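Subject: Structure handover

Hello,

Here is the structure for you to look over. My notes on it follow below.

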Amino acid sequence: MIRKKQLPPWLALLFLLLLCLLLVIATLTKPSQQRGHVEKMVEKSIPPVAPEVAKPGDQHETQPDALPRVASGLALVLDDVGYDLPALKRILALSIPVAIAVIPDAPYAQASATMAHEQGQMVMLHLPMEPTSEKYRNKMTPYFLHEKMGREELRETFQRGLDKVPFVEGVNNHMGSHLSEQMEPMRWVMQVCREQGFFFVDSKTSHKSVAAEAAELMDVPWASREVFLDHDLNPEAMQRAWKSAERCLEKGYRCVVIAHPHKETVAFLEKQLSKQKSATLVPVQQLLRGGDSVRHAKIKPEVLL
C-alpha cells in the first residue's frame, strides 16, 4: 500500500497566508476600478450648464485701470474703426488720448486694434446692436446683438466679436437704438462686461437707453456720450459741436465726444487739436462712473442671470 506524502505544516501555513494576501489585494483593487468607471460615466452624462466665457488674459490682453478718475474732463472716442488704416494712422499721429472703438467684422479689425495698442491707445469693442431704423436693420450682420436672442446666443455673439478684436479694454454700442432700450438684454451685456473686466460707454443712440442703468445694476464702470462731433461733416457744424464739448467741460461735467474716421473729421481734428487744446483731453477711463469694486459684494444673486 502506497502512502500519500503530506506537506509539512509550515509549508501549508505559508500557502494559506499567501492565499489570504491575494484575497485582500483583490478586494481593495476592484472597488477603486469600479469608482473610476462610475466617475467617468457621470462626467460624460452631465453636460455643461452654459459655455464658459473667456477670462481676461485668455484671448485678449487687457490693461489694469490704473488711471485715477476725475470729476470732469473731455475724452475722445473714435468709432467705426477697422475700414480705413490710413485714416487711423493720421489720428494716432496726433498723439492725443483717444479710445479706438473697432467694429468686429470690419476687414482691418485686428490690424487696427494692434496698431492702436502698439501706439499706447485704448482699444474698445464697438459692439453692434439692433437699431430701430429699418434702413439700418437691413445692414445687420451675424455680429449684431438683437432683441430676439436668448441669453446664451447673445453671449456667444458677443464673444464672437471679442475673438476678432485683440486688446479690448472696454465696449461701446455700434447703432443699438432699439436694443439699448431693452433692460434684459442690456443686463446680459453688462454681465459679460463684468466677467471680462470691461467698462461700457453708452453711445446714446436712443434717449431711452437703459445702458447706464443696467451698468449700475451690474456694477460695471460706465460713461455716456455727450457730443457726436461729426453728425454733420460740414466744418462749421463740427466747430459748433466742438464748442459744445468745450462748454460741457467748462461747466465741470464729464464730456465724452464720439467721432468717426471720415476724411473731413480727421482733417478737422488735425486742425483743431493744437498742442494747447489737446492738453485738455483725458483718457476715457478717467471719466467712468460706478463699478466700484467695494460694491460688488452687494449684488443680489438673482440679477446674475
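Buried means under 20% relative accessible area, exposed over 50% and partly exposed in between, with a 1.4 Å probe and protein chains only. Helices (H or I, at least four residues) and strands (E, at least two) are DSSP runs, numbered from the N terminus.

On provenance: this is a predicted model, where local features need pLDDT of at least 70, side-chain atom pairs count only at pLDDT 80 or more, and totals for chains, interfaces and linings use all residues. Residues are numbered from 1 along each chain as its sequence is written, and side-chain values use heavy atoms, with hydrogens and water left out.

**Overall**

The protein has ten helices and seven strands. Of its 305 residues, 45% count as buried. Take contacts (heavy atoms within 4.5 Å) with a separation of 6 or more: residues 24 or more positions apart account for 75% of them.

**The barrel**

Seven strands close into a barrel, in the order β1-β2-β3-β4-β5-β6-β7. The pairing is parallel; two strands pair if DSSP finds at least two bridges between them. From one strand to the next, the twist averages 35°. Angles run from 0 to 180 degrees between N-to-C directions, and axes are lines fitted to C-alpha atoms, for helices over the stretch in contact.

Helix α5 (residues 151-164) packs on the sheet and touches β3 and β4. Its direction makes about 140° with that of β3.

**Strand β4**

How much of β4 (residues 168-175) is buried? Eight of its eight residues are. On one side, β4 pairs with β3 (residues 123-129) in the parallel sense, over seven bridges. Leucine 125 stands opposite valine 171 in β4. Leucine 127 stands opposite asparagine 173. β4 also pairs with β5 (residues 199-202), again parallel, over three bridges. There, glycine 170 has phenylalanine 199 as its bridge partner.

**Helices α2 and α3**

The axes of α2 (residues 85-92) and α3 (residues 109-118) come within 11 Å and cross at roughly 15°. That makes α2 roughly parallel to α3; the class takes angles under 35 degrees, with over 145 roughly antiparallel, 65 to 115 roughly perpendicular and the rest oblique. Leu85, Leu88, Lys89 and Leu92 in α2 meet Ala111, Ser112, Met115 and Ala116 in α3. These contact residues divide into six nonpolar, one polar and one charged. Ala, Val, Leu, Ile, Met, Phe, Trp, Tyr, Cys and Pro count as nonpolar, Asp, Glu, Lys and Arg as charged, and the others, Gly among them, as polar.

Best wishes
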